[in-house]
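Dear colleague,

Please find below the structure that I am handing over to you. My findings follow directly after it.

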Amino acid sequence: MISFNTEFTHCAKRWLLSAGLLASAISAAIAEGSVHLVWSPVTDTNVVGVQIYYGAASYEYSHVVSAGLASEVTIYGLRDGFEYFFAALSDYADGLQSDFSPEVSGYISAPNKSANTFGDVSGAYNGLFFATNQVRSAGAFSLFVNGRGAYSGYLQTGGARASFGGQLDPWCQANNLIRGANNHSLALRFHIGNNGPGQLIGQIWDGAMISGVTAGRAWSNTRTAPAPFAGRYTCVLPGQGSDPSSPQGYGFATAQITTRGLAMLAGTLADGTHVSQSAPVSEEGTWPFYAPLYGGGSVMSLLTFTNRESDDFNGIMTWIKPAMSNTRYYPAGFANQSQMIGSTYNVPSPSTQPVLNLPNTSIAFTGGDLGSGFANAISIGPSSRVTNHSSNSLSMTFSTPNGTFRGTVVDPVNNRLLPFNGVTFQKNVSGYGVLFGTDQSSSVLFGSAFSLLSPVITTDLSDQSILRGRNAIFPLNVSGLPPLSYRWFSNGAAVTGAAESSLTISNALNTGTYQAIVANAYGSATSRLANLLVGIPPQTLGVLQSNRCITLRMQGTPGFGYVLQAATNLTTPIDWQNVLTNLADSDGIWSFIETNVLSAPNKFFRVAAP
């Protein structure tokens, strides 16, 4: 780290710097990406702070650091191989600033990397690229760097790949111009190690849009250190809930991570499309999952192994299907995002043990062609045998080597025999799957996943304040499978006849609390306890006026928010403008002070209730 023993002397609001100090600054070089500047303490009592400006070009400053009244500062984050220029100015108590001091400069030396010193960044890097808010501009990134810094790789979008290669510069950076499809050029820039060891970040520019690139170095296998996340997994690739234009079932897959850190997945999406993929998992435990589909679509997710309470890996999944007139399910296409999750899978041992500990549960078939659907009571017994306890027929078997299940069920409404399949999810003792109807998919859920069908309050009740005698409305927004039933409570007692998604209190006279419970066949949700404050109109207590201010005092309801309004004249129609809302104190006193009334235009005030 370089230290500039520079003395900044202030005179007539200008900084003076000797030529000898400037020469000393230029001759000193560092390679640690930081610089330490030192100057004599500021003695002018009118100075309230020192600002240090700097940049990579003389008198073109791109950054500023506030040093306060200190006499030294360390600036970090400087880029190796560049000369930086520094100048200072002082801030004065009257808001003015001094001129810039003469510049000092320093060169941040480049690392001395020879052709054989790239071993710390060598390896295979795999990741994804995508543009913010542009899920269709996305794909897979793959790169290999050898110990001499030479690299080669490719970008993949859909079924098309574009290759590139080159040599890393001493800062482990690279720029490439890549020839893509239809002779379309892409500019790629990346940097290895700046975001942590084994991490690559970059950007792709296609002339109109920038896509971010993120990749991690693949796990380096040794016999003494196998990949810590190696094992069997079951995966859930969800559809889009209750949207009838998108799949509503749960796609599923099985996966295996080898001791070398290679992830291999195969499964079925919620529109019936088969999907498979393999990619190395990074040293940091990320899996770049990308699979081109439909000749112009894809499914992708940057999965992270986190060992959360409800899953072992997860990531936001982007699933794009273009319009396809020749497909049975969802020919209009879609672009969905949902949470992809995975669970470790352990084969039951001994084999007489059930694949899931669910001696009594229900399996629900909902959404898609089934609408609100139906549920069957089942039990999973020894050797993972399933017993149906409902009147409509159901047959179901588990494949214990990989954790999948399949079966058939009779729709109790039309007596149709419907096939279904899916996977177990041992992490949260559940099952997720899909049932394919005429032209839509339906969800299959059992175990703790059954709770996903319960109503969810999307906009809860909020507190309200109204004047006595007015009406109050409490709306409740809920998502969930119909039919939904509502119960409302006032001060803990049920409100007779209240069974809608909102509650209206007509001619409200008393303060109270309100709450709702919404339910369907699969569960219920309870709203927060909302307060209704019923207030009285404000009554004037007094108006006090002095030479410079006016004070208004009103009597109202404690805690009630009264609104101060103002107008410049009383010509009808009067243009009352809201000024502020104040709460009455615990004694019901509301007050407001208007200052500088002599210099302000004439105003008329009133206090109103909201």
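Tyr486 stands opposite Val518 of strand 42. This pair belongs to the antiparallel pairing of strand 39 (residues 485-490) with strand 42 (residues 512-520), which are joined by 6 bridges. Please note that the model is a predicted one.

An open sheet of 3 strands is found with the order 45-46-49 and antiparallel pairing. Its edge strands, strand 45 (539-545) and strand 49 (589-595), each pair on one side only. On average, neighbouring strands of this sheet are turned by 15° against each other, direction ignored. Between strand 46 (residues 549-555) and strand 49 there are 7 bridges, in the antiparallel sense. Cys549 has Thr595 of strand 49 as its bridge partner.

I turn now to the nonpolar cores. The largest one holds 29 residues, of which Leu265, Trp287 and Phe289 touch the most other members. At least two residues of this core come from each of several strands, including strand 19 (231-238), strand 21 (262-268), strand 24 (297-305) and strand 26 (334-344). Strand 23 gives the most, with 4 residues. Leaving aside residues up to four places away in sequence, Leu265 touches Cys235, Ala253, Thr254, Ala255, Val275, Ser276, Gln277, Trp287, Phe289 and Met340. Another core, of 23 residues, lies apart from the largest one; Val121, Phe129, Leu155 and Ala215 are among its residues. In soluble globular proteins, nonpolar side chains tend to be buried together.

Finally, a word on confidence. The pLDDT averages 86 over the protein, and 89% of the residues score at least 70. For residues 1-32, however, the pLDDT is below 50, and this stretch has 85 contacts in the model beyond near neighbours in sequence.

With kind regards

Key. Residues numbered from 1 in each chain as written. Predicted model: local features only at pLDDT ≥ 70, side-chain atom pairs only at ≥ 80, totals over all residues. Heavy atoms only, no water. Core = buried A, V, L, I, M, F, W, Y, C linked by side-chain atoms within 4.5 Å. Buried < 20%, exposed > 50% of the residue type's maximum accessible area, 1.4 Å probe, protein only. Contact = heavy atoms within 4.5 Å. Pairing = 2+ DSSP bridges. Axes fitted to C-alpha atoms, helices over the stretch in contact; angles between N-to-C directions. pLDDT = per-residue confidence, 0-100.
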